[in-house]
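User: I would like to learn how to read the packing and the charge pairs of a protein model. Please take one feature at a time.

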Amino acid sequence: MLINGRFLTEGSPGFEGFAQHMIAALERRGELGGARVAVPRGTLPMLPLPASLPVDPAGAFHGAAWEQLDLPRLAGDGWLVNFCGTSPWRRRRQLVVVQDLAALLAPGLLSAWQRRWQLQQLRWQLASAQCVVTLSQAAARALWPLRSASQEIEVLFQPGDHLLRQPADRSVLEPLDLRGRRYVLAVDGRWPGGSSERVERLMAELGLPATLLVVMSDRDPSQQAHQAPRAPAADPREQRHVVSPTPAQRRALYEGAACLVYAPAHAASAEPVAEALCCGCPVVATRRAALWEICGDAALYAEPDDLPALASQLRRLLGSTHLARELRAAARERSLDLTWDRAAMLFSLLGQQLAE
């Protein structure tokens, strides 16, 4: 098995975590015997991998040219695994994990050329790859009309227990003045109109006393002057921003939060709700299929564009300690199925089926 390591040298907007955690889980299960990772010659991996997994710099090109021209040759007759969505367009013996389906599920969030380009990439992948893996049944249904007659589309649900592999780092609470205070957690959306923007508007309308809004983000809000102005949001004095928290810090934030409110315009990733459930954090989310598949009955829901209903669910949760306890217990129960070891086992079974 050859693993496409392009994501190690360039990054894949928010998706490389899936590859890292899956590779680590496969290594813990002893499933990486004979596997190796290929990266363009002259590049160094920017992300850690198990020491037992060889990394081979090879090829004459870099970037997309390396992936399309060098990678098929390097894979030879073996299986090529692409964890982060991009892959050679003219290779049958490969598996592709497709995570970004904005062109199908939320086309209005992309420009016309972005939408056309992403759709064309999906068509090429579905025309060539023997197996495509998505992270929700909703994504699989969206891809179904594009598949070829012999195409396999499999689903692996997004795990979240990677946060439990190290103790919570509660030192993150001190500079944010969160000790002993009630706060609602949000995640900055990757797309315009993302989750945190909606939650900010919601908090502004609710005006909840003694309740802070904490936004986790991978980008500094002070460095986003190029973005379109947002609508007036919650009182800035009642907001906290945490930029690029470590996994241990994220665990502490989830465990201390009254809840996570996740209301993205496009559920490109269910990772935040999977992480929250594994940390026993109650979830209030929009009723998008991918989120429902992860959370089940362990969350409160509102329709995607119904901000008053979302506010009502949040007010209901914050006003009932009994409901909060029930949701925390349900989250931990639900999280038993959201483990990387289970995902790696299913991935291995899939690989065995394809090899037959």
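User: Which residues touch the most other members of the largest nonpolar core?

Analyst: In soluble globular proteins, nonpolar side chains tend to be buried together. A nonpolar core here is a set of buried Ala, Val, Leu, Ile, Met, Phe, Trp, Tyr and Cys residues joined through side-chain atoms within 4.5 Å. Buried means under 20% relative accessible area, exposed over 50%, and partly exposed in between (1.4 Å probe, protein chains only). In this predicted model, the largest nonpolar core has 37 residues, of which Tyr183, Leu185, Leu253, Tyr254, Leu260 and Val273 touch the most other members. At least two residues each come from strand 8 (182-187), strand 9 (211-217), helix 8 (247-256), strand 11 (259-262), helix 9 (271-278), strand 12 (283-286), helix 10 (289-295) and strand 13 (299-302). Helix 9 gives the largest share, 5 residues. A second, separate core holds 30 residues, among them Trp79, Cys84, Val133 and Leu350.

User: How are the numbers and elements assigned?

Analyst: Residues are numbered from 1 along each chain as its sequence is written. The model is predicted, with local features needing pLDDT of at least 70 and side-chain atom pairs counting only at pLDDT 80 or more, while totals for chains, interfaces and linings use all residues; side-chain values use heavy atoms, leaving out hydrogens and water. Helices (H or I, at least four residues) and strands (E, at least two) are DSSP runs, numbered from the N terminus.

User: What is Tyr183 in contact with, leaving aside neighbours within four places in sequence?

Analyst: Contact means heavy atoms within 4.5 Å. On that basis the partners of Tyr183 include Leu173, Leu178, Leu212, Val214, Ala252 and Leu253. Gly256, Ala257, Ala258 and Cys259 are also among them.

User: Is Gln249 buried or exposed?

Analyst: Gln249, found in helix 8, is buried because its relative accessible area is 19%. A polar contact is a pair of N or O atoms within 3.5 Å; within protein, one must be able to donate a hydrogen and the other to accept it, and residues adjacent in sequence count only if both atoms are side-chain atoms. Here a polar atom of the Gln249 side chain lies 3.0 Å from the backbone nitrogen of Thr246. Not counting residues up to four places away in sequence, Gln249 touches Asp169 and Val172.

User: How many salt bridges does the structure hold?

Analyst: A salt bridge is a side-chain nitrogen of Lys or Arg within 4 Å of a carboxyl oxygen of Asp or Glu. The structure holds 13 salt bridges. In one of them, the closest N and O atoms of Glu67 and Arg6 are 2.8 Å apart. This pair links distant parts of the chain, with Glu67 in helix 3 (residues 63-75) and Arg6 in helix 1 (residues 6-10), 61 residues apart. Both Glu67 and Arg6 are buried.

User: What about Arg73 and Asp70?

Analyst: Arg73 forms a salt bridge with Asp70, at 3.4 Å between the closest N and O atoms. Both lie in helix 3, 3 residues apart, about one turn of the helix. Arg73 counts as exposed because its relative accessible area is 55%, whereas Asp70, at 5%, is buried.
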